[in-house]
Amino acid sequence: MYDILVIGTVTKDVFLKSGDFQVVKDDRFRTGRAGCFVLGTKLTIPQVAMASGGGGTNVAVGLARQGFKVGCAGRVGDDSIAKEIIEEMKEEKVELLFTIDKKRNTAYSTILVSPDGERTILEYRGANEYMSENDIDWKDLKSKWVYIDSISGNIELLEYILDWAKKNSVRVVFNPDQKLIRMGKDIYKYIERADIFIANEDEYALITEIEHSEEKEEKIFKEIRNIAKDIVVMTKGPRGVVVADKKNIYSAGVPDSLVVDRTGAGDAFGSGFVSGYIQSGGDMESAIQLGIANATSVAKYFGTKNGLLKKNDRSDYNKVEIKIYKIV
């Protein structure tokens, strides 16, 4: 019996950070900003790091470090990268339910990090793209929770997981990938089946099909809240987080701290939030505090796992003010 089964992507990440990676304003792009560097020359890369990544392994390790018994299901290639990741997961005490793909390589990402910690990810999806419900032996699988992370937009797999969870009284965390998010309102029928739904502000806008702005943020959040089964979480990067259950809305900022690399901060928040929620018996403030502490800690380091907090590490815990509003 697992405390939490995590289903998601598995990758090898290479992080490159340089002062030669510049950020410029450019309204042609969704974020209003673009990364640029000089073509036709050599650029100095003073900082390089290599580590496992992917939402599945990031969340699984975050939960395991909080003391949970965690299983992680994913798909990898038959290559040296997969072997390295498998050894790392074993060291983190994550039980693996990996399928070995004999035809495709393990997924790989090169992550270009700007001086302010923002990043652009160049992604080869590899074996991740071919994960299906047939990769998991469901017959004797038991878990209290399932955390659905990136599953490469596989609707059949998503429906199978949700049906399995309902049949076996397994509670569901749903943090959809970009392919699922681009379904727009068609994803509502899956959000309403999750106990906890997590996405960032841009993803909320894409799902609701409402153009994102600070003025429309409340409307966007309310629409998802109204169709959700229970808890909804909107992460806003350095601007904090908004969370709602059926009684209250909770709003919190992010403490000022060193930012080396924001990659993995969203996964860190997710694993911290769920950990805090379970450990506290459902206390929302504890969940938010641990989620923010975990994300803040990860952003201080290169890689998606280096800063993940362990169960007794509360150095950044309870450092943010949480505002609570009754739902009327």
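## Around Thr-106

Thr-106 is in contact (heavy atoms within 4.5 Å) with Val-10, Val-76, Gly-77, Asp-79, Ile-81, Ala-82, Ile-85 and Tyr-124, leaving aside neighbours within four places in sequence. The model is predicted: local features need pLDDT of at least 70, side-chain atom pairs count only at pLDDT 80 or more, and totals for chains, interfaces and linings use all residues. Residues are numbered from 1 along each chain as its sequence is written, and side-chain values use heavy atoms, with hydrogens and water left out.

Thr-106 sits in the loop between β7 and β8 (107-113). Helices (H or I, at least four residues) and strands (E, at least two) are DSSP runs, numbered from the N terminus. Is Thr-106 buried or exposed? Thr-106 is buried, at 2% relative accessibility. Buried means under 20% relative accessible area, exposed means over 50%, and partly exposed is in between (1.4 Å probe, protein chains only). Ala-228 is 122 residues from Thr-106 along the chain, and their C-alpha atoms are separated by 34 Å.

## Nonpolar cores

The largest nonpolar core has 43 residues. Such a core is a set of buried Ala, Val, Leu, Ile, Met, Phe, Trp, Tyr and Cys residues joined through side-chain atoms within 4.5 Å. Ile-196, Val-233, Val-243, Phe-273 and Ile-288 touch the most other members. Val-243 touches Phe-221, Ile-231, Val-232, Val-233, Asn-248, Ile-249, Tyr-250, Phe-273, Met-284 and Ile-288, with residues up to four places away in sequence not counted. Another core lies apart from it, with 42 residues, among them Leu-5, Leu-180, Ile-207 and Ile-220.

## Helix α6

Helix α6 covers residues 201-208. Six of its eight residues are buried, so the helix is mostly covered. The buried ones are Glu-201, Glu-203, Tyr-204, Ala-205, Ile-207 and Thr-208. Their cover includes α4 (178-181), α5, β12, α7 and β13 (231-235).

## Salt bridges

Side chains of opposite charge can pair when their charged atoms come close. The whole structure holds 17 salt bridges, each a side-chain nitrogen of Lys or Arg within 4 Å of a carboxyl oxygen of Asp or Glu. One of them joins Glu-92 and Arg-65, at 2.7 Å from N to O. This pair links distant parts of the chain, 27 residues apart. Glu-92 is in the loop between α2 (80-91) and β7 (94-101), and Arg-65 is in helix α1 (residues 55-65). Glu-92 is buried at 17% relative accessibility. Arg-65 is buried too, with a relative accessible area of 17%.

Glu-129 and Arg-125 form another salt bridge, with their closest N and O atoms 3.7 Å apart. Glu-129 is partly exposed at 31% relative accessibility. Arg-125 is also partly exposed, at 31%. Arg-171 and Asp-195 meet in a salt bridge as well (3.7 Å, N to O). Arg-171 lies in strand β11 (residues 171-174) and Asp-195 in the loop between α5 (188-191) and β12 (196-200), so this bridge ties together parts 24 residues apart in sequence. Arg-171 is partly exposed, with a relative accessible area of 30%. Asp-195 is buried, at 8% relative accessibility. Elsewhere, salt bridges that share partners join Arg-75, Asp-101, Arg-104 and Asp-135 into one network.

## Second largest pocket

The second largest pocket has a volume of about 400 Å³. On a 1 Å grid over the protein atoms alone, a pocket is an open set of points with protein on both sides within 12 Å along at least five of seven lines, while a cavity is a set where a 1.4 Å probe fits but cannot get out; lining residues have an atom within 4 Å of a point. Grid points are joined across faces, edges and corners, and a volume is the space filled by probe spheres set on the points.

Fourteen residues line this pocket, and Glu-218, Phe-221, Val-242, Ile-249 and Tyr-325 are the closest to its centre. Which element supplies the largest share of the lining? Helix α7 does, with five residues. α7 (217-227), β15 (248-252) and β16 (322-326) each supply at least two. The lining divides into seven nonpolar, one polar and six charged residues. Here Ala, Val, Leu, Ile, Met, Phe, Trp, Tyr, Cys and Pro count as nonpolar, Asp, Glu, Lys and Arg as charged, and the others, Gly among them, as polar.

## The cavity

The count comes to one cavity of 30 Å³ or more. The largest cavity holds about 30 Å³ of space. Its lining is Gly-8, Thr-9, Arg-75, Asn-128, Met-131, Ser-150, Ile-151 and Ser-152. These residues divide into two nonpolar, five polar and one charged.
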